[in-house]
Each structure stands twice: as structure tokens, then as C-alpha cells.
Amino acid sequence: MANVAATSFTMTIDGAAAPTAASLPVRNPATGEVFAEAPDATADDLDRAVAAATRAFATWKNVPIAERKAALISAAGIIEAHADELAALFVKEQGRPYPGAKGEVLGGAMWMKATTMLDIPIDVTEETDTRRIEVHHVPLGVVCGIVPWNFPVLLAVWKIAPAIMAGNTLVLKPSPFTPLTTLRIAELIRDCFPAGVLNVIAGGDALGPLMTAHKGFAKISFTGSTATGRRVMESAAKDLKRITLELGGNDAAIVLPDVDVDTVAEQLFEGAFHNTAQVCVATKRLFIHADIYDQVRDRLHELAKATPVGDGAEQGNRYGPIQNEAQYRRVLGLLDDARANGLTLLEGGDVPQRGYFVPLTLVDNPPDDSRVVVEEAFGPVLPLLKWTDVDDVVARANDTEYGLAGAVWSANIEKATEIAHRLDTGTVWINQNLQSTPFTPLAGAKQSGFGQENGLAGLLEFTRPKSIFIPKQPAGTAPEAAGAAS
Ligand code: NAD
């Protein structure tokens with residue numbers, strides 16, 4: 001913990017700037033150097049944020065949904081208007097080259113607006129002459145949002161927009177590796193909401209566990225690794241907090257022999273290496289049919305060698321560094337393990353010698369039980385795996401504890417769709433990848449998640465059902481005999 005001069009980024013608590021005594025260094029992953037300080041919240045700051053959110057909930061839950069939507073739409077407009085400033089900050093703390101950084105900021109604003117196109121239904125489960133049963137979806141209370149560093153803005157919006165629109169109030173925590181853009185967004189949009197509706201706090205490793213244990217939260221919406229997700233679930237169990245967990249993945253893409261290699265190679269490459277392969281739904285195991293294996297491998301290797309990787313602030317770089325030192329060391333460890341086991345590594349072009357850079361690397365047909373295949377690399381190391389039999393490759397693709405997404409590539413869409421149905425994942429793409437929409441749930445299977453985000457189903461995770469039995473007879477008349485509650 002660095003006790004240094006005041007930071008220019010403030011937390012948002014109760015609608016106002018909330019300075020902290022302590023701060024944490026934020027590093028530029030392209031250089032490894034500290035370039036800013038972020039607030040480091042204490043347990044008292046957390047208490048104040050939860051208390052403000054609790055007070056705000058008492059009125060926000062009764063504000064008509066049209067007004068809640070209008071507040072989000074105006075916040076989205078402010079984010080859009082500051083996209084250049086936010087993108088420049090994003091590049092410095094996250095490492096991604098500027099066009100992708102700006103794309104995420106604008107994508108976050110778009111997502112915030114699009115979420116307001118959803119509506120919270122009132123379901124009618126019975127309508128007779130004697131009664132009507134309505135199921136309302138009412139807000140939960142104060143929501144705790146925790147997000148990782150790979151898509152800091154978009155993943156924060158995936159919590160801010162549905163939580164607030166559904167009538168909850170929120171205390172959001174960005175990753176200690178990428179706190180600044182989120183803090184800045186909260187500074188910009190805090191006046192769009194009544195005080196206490198949106199609170200953003202930042203801190204080090206101790207803050208997340210303090211939040212999940214805090215009794216003031218009704219729900220935890222968490223995005224991060226599976227290992228942390230398990231800890232969050234354990235902590236939430238103590239007082240039965242509702243949880244949504246969006247966790248890790250080890251996605252398979254299956255390439256059939258009928259594809260046109262030149263057409264799909266670039267898409268396969270981007271599907272694996274987008275954001276320097278730090279994408280939960282990136283292709284992390286690429287199964288290529290034996291008939292075209294050598295051709296696809298060689299084409300991907302050419303792309304890896306030709307793709308510029310470097311500081312995201314410099315024009316022309318397509319991919320940036322690994323976002324933080326711990327993740328960088330993890331990826332280096334996977335590469336060391338691959339080398340120690342005699343695996344063949346096909347490296348891309350040169351990368352800068354400072355900062356957290358790793359060359360884009362393909363691993364040529366490693367055994368299925370090698371670490372580089374079994375573990376989620378979350379960095380630019382892609383195992384290429386040869387296959388010949390459809391049943392066998394489906395079994396291999398499903399042979400993982402994860403189940404986030406997957407892809408099938410073929411000229412025969414019907415055949416690809418059949419295979420898609422056999423993959424045990426929450427999402428499958430055919431001849432595309434990395435797609436998600438504000439109207440489609442993202443829901444990990446197996447150890448990739450619990451619950452879902454996006455779409456109506458994701459929105460309703462920020463509510464609870466409340467069934468109201470409304471008689472059509474005057475009071476005192478006999479209740480409906482059938483279906484009397486037990
Ligand atoms: P992480 O689990 O280390 O951290 C995520 C967040 O949790 C951070 O804000 C961190 O400070 C906080 N945290 C850490 N320990 C905590 C604890 N004990 N209690 C509460 N909070 C805690 O993950 P990461 O390294 O930041 O992100 C990478 C992982 O996130 C990858 O596994 C990736 O696949 C996954 N991810 C999943 C999705 C999805 O939608 N399924 C999206 C993006 C990333």
C-alpha cells in the first residue's frame with residue numbers, strides 16, 4: 001500500500017467524491033511503470049457506501065422504471081461524449097491499443113442504452129372469474145458488483161445498467177489493476193442518479209472479501225476467475241446472498257475439413273488473440289481437422305509473425321501487453337512447462353522487451369493432458385489440436401471443467417449446428433466468435449458460472465419474483481378452493 005499524495009481519481013459514495021487517506025499504485029502494463037495512484041478504500045468507506053446505497057434504495061425502488069431508464073440513457077450519453085478521454089486512460093491502465101479501448105468505452109455506452117430497451121414483465125399465471133395471480137419482479141436491495149481487468153468498462157456496465165434499471169442500488173468495485181477508467185466514469189455520471197444509487201469504490205486484495213462478507217448486500221454479481229468465484233459463493237452462503245457468477249472458460253473451437261482456410265484463418269486468429277487473448281470467451285483450444293491441420297497451422301503462424309504487438313498508445317499495434325505482472329508470470333510459467341515437456345512452440349513476431357509482453361504463440365498439437373490445454377491460459381498461447389472423428393472431437397472439446405462458450409467452423413451450417421448442440425457450453429457460435437448482445441444471455445455451464453448476465457434473463461437476476469393473488473370477489477367471500485397454499 002502506497003501512502004502517497006492525493007490521487008486525482010476519486011471514489012463515488014453517496015453521490016459525491018469520496019477521498020481516501022491511502023492509495024494504490026496503478027501500472028501501465030506496456031512499461032511496467034506506475035503512472036497513477038488509485039484510492040484504497042477502507043472497511044469504513046465500504047460501510048459508508050453500503051449505508052448510502054441502503055438509504056437510496058428506499059426511494060429508488062419506487063421510482064417509475066421510465067425515470068430509471070432515462071437516468072441510464074443520460075449517463076450513457078455522457079460516457080459517449082467523453083469517449084476520447086476515457087479511451088486514452090483505458091489504454092494506459094489496461095494496455096489495449098486505442099481503437100479497441102475506444103470501442104469498449106463506446107460499446108459500454110451502447111450497452112447501457114440498449115439495456116433500457118428491455119422491460120420487466122408482470123407475468124399473469126392465472127386469470128379466472130374469481131382471481132388473478134400476478135408475478136412481479138421486484139428489486140433485491142443493495143447489489144455488490146465486482147469486475148475483473150480484461151474488459152473493465154463493459155463488464156462494469158453489465159452490472160450497472162441492469163442492477164439500477166431493476167430498481168436496486170449498487171456498490172461497484174473495479175479490479176485493482178484497472179480501477180481508473182471506472183472511477184472516472186462514475187465521476188462523470190454520478191449526477192445522473194440520486195445520491196447513493198451508484199457507488200464506486202476501489203481498493204486492494206482485501207476489499208473484495210470484505211464486500212462479499214458485508215451483511216448490507218442482498219446480492220453479489222461477480223465476474224472473474226473460477227477460483228475466486230468459489231470463494232465468493234462460499235462467503236455469500238453465510239447469509240444466503242443471491243449470486244451471479246461469470247467465471248473462467250477454456251473454450252474449444254472445432255474446425256471441420258470443408259472450410260476455406262484463407263477465409264477463416266483471420267477470424268480464427270482474432271477469436272483466439274483478441275485483447276491479447278484475455279477474453280473469457282476467447283478460443284483457448286483450437287481443434288483442427290487433420291486434413292487441413294498443417295495448412296491452418298501455417299497460416300496462423302504467418303499471421304502471428306506479421307501481427308504488430310506493442311504499446312497500445314503507439315499507432316499500428318494490434319495487440320497490447322498482458323495486463324498485469326501476475327498474469328504475465330502465469331503465462332510465462334505455462335510456456336516454461338510446455339518447453340520442459342518438449343512441446344513445439346511456434347512463436348509470432350518480436351515484442352517489446354519492457355512491460356508485460358509475450359509473443360503470440362501457437363503450440364503444435366500438444367497432448368490433451370498438457371497444462372497448456374487443460375488450463376485457461378488467459379494470455380497469447382494457443383494450443384492447436386488435430387482431430388479426425390467427430391464423436392471423438394466433441395468428447396475432447398467437452399472434456400473440461402469449464403463450459404463458457406465454443407465455436408464450430410464449417411461450410412455445412414446444418415452439420416455445424418448439429419455439433420453445436422452437442423457442446424456443453426452456455427454459448428456456441430457457428431462460423432463466428434466473440435459475439436454477445438444486450439438481449440442474449442451469457443450463462444456459463446459447469447465451472448464457468450452460476451446464473452447469467454444480459455438479456456431479460458440476466459436483468460431478472462437483479463430481481464426476485466413476488467406473486468400477488470388478487471381476488472375478484474369482495475372481501476369475506478370463500479377463497480379459491482383449488483390450489484390452497486400448503
Ligand atoms: P479474479 O478472480 O482474480 O478477480 C476478479 C475480481 O475479483 C477483481 O476485482 C478482484 O479484485 C476481485 N477479488 C479477488 N479476490 C476476491 C475475493 N476473495 N472475494 C471477492 N472479490 C475478489 O479474476 P481476474 O484475474 O481479474 O480476471 C480474469 C478471469 O475472469 C478469467 O478467468 C476470465 O475468464 C474471467 N472472466 C470471465 C468473464 C465472464 O463473463 N464469464 C468475463 C471476463 C473475465
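This is a predicted model: local features need pLDDT of at least 70, side-chain atom pairs count only at pLDDT 80 or more; totals for chains, interfaces and linings use all residues.
According to an unreviewed UniProt entry, residues 22-468 carry the annotation "domain: Aldehyde dehydrogenase". In the model, this span is 41% helix and 22% strand, and its end C-alpha atoms lie 49 Å apart. Glycine 203 is found in the loop between strand 9 and helix 7. With a relative accessible area of 2%, glycine 203 is buried, and its C-alpha atom is 36 Å from that of glycine 349, a residue 146 positions away in sequence.

Side chains of opposite charge can pair when their charged atoms come close. A search of the whole structure finds 32 salt bridges. One of them links glutamate 270 to arginine 318, with 2.9 Å between the closest N and O atoms. Glutamate 270 sits in helix 9 and arginine 318 in the loop between helix 10 and helix 11, so this pair ties together parts that are 48 residues apart in sequence. Both are partly exposed, glutamate 270 at 24% relative accessibility and arginine 318 at 31%.

A further salt bridge joins aspartate 391 and arginine 422, whose closest N and O atoms are 3.0 Å apart. Here helix 13 is tied to helix 14, because aspartate 391 lies in the former and arginine 422 in the latter.

Finally, Lys61, Arg242, Arg464 and Lys466 form a positive surface patch. Of these, arginine 464 belongs to strand 22 and is partly exposed, at 39% relative accessibility.

Notes:
Residues are numbered from 1 along each chain as its sequence is written. Side-chain values use heavy atoms; hydrogens and water are left out. Patches are made of residues with over 30% relative accessible area and no salt bridge: like charges are joined within 9 Å, nonpolar side chains (Val, Leu, Ile, Met, Phe, Trp, Tyr) within 5 Å. Accessible areas come from the Shrake-Rupley method with a 1.4 Å probe; for residues, only the protein chains shown count as cover. A salt bridge is a side-chain nitrogen of Lys or Arg within 4 Å of a carboxyl oxygen of Asp or Glu. Lys and Arg count as positive and Asp and Glu as negative; His and the chain ends are not counted. The place of a charge is taken as NZ of Lys, CZ of Arg, CG of Asp or CD of Glu. Helices (H or I, at least four residues) and strands (E, at least two) are DSSP runs, numbered from the N terminus. Buried means under 20% relative accessible area, exposed over 50%, partly exposed in between (1.4 Å probe, protein chains only). UniProt positions are given in the numbering used here, feature names are shortened, and annotations may be inferred rather than shown by experiment.
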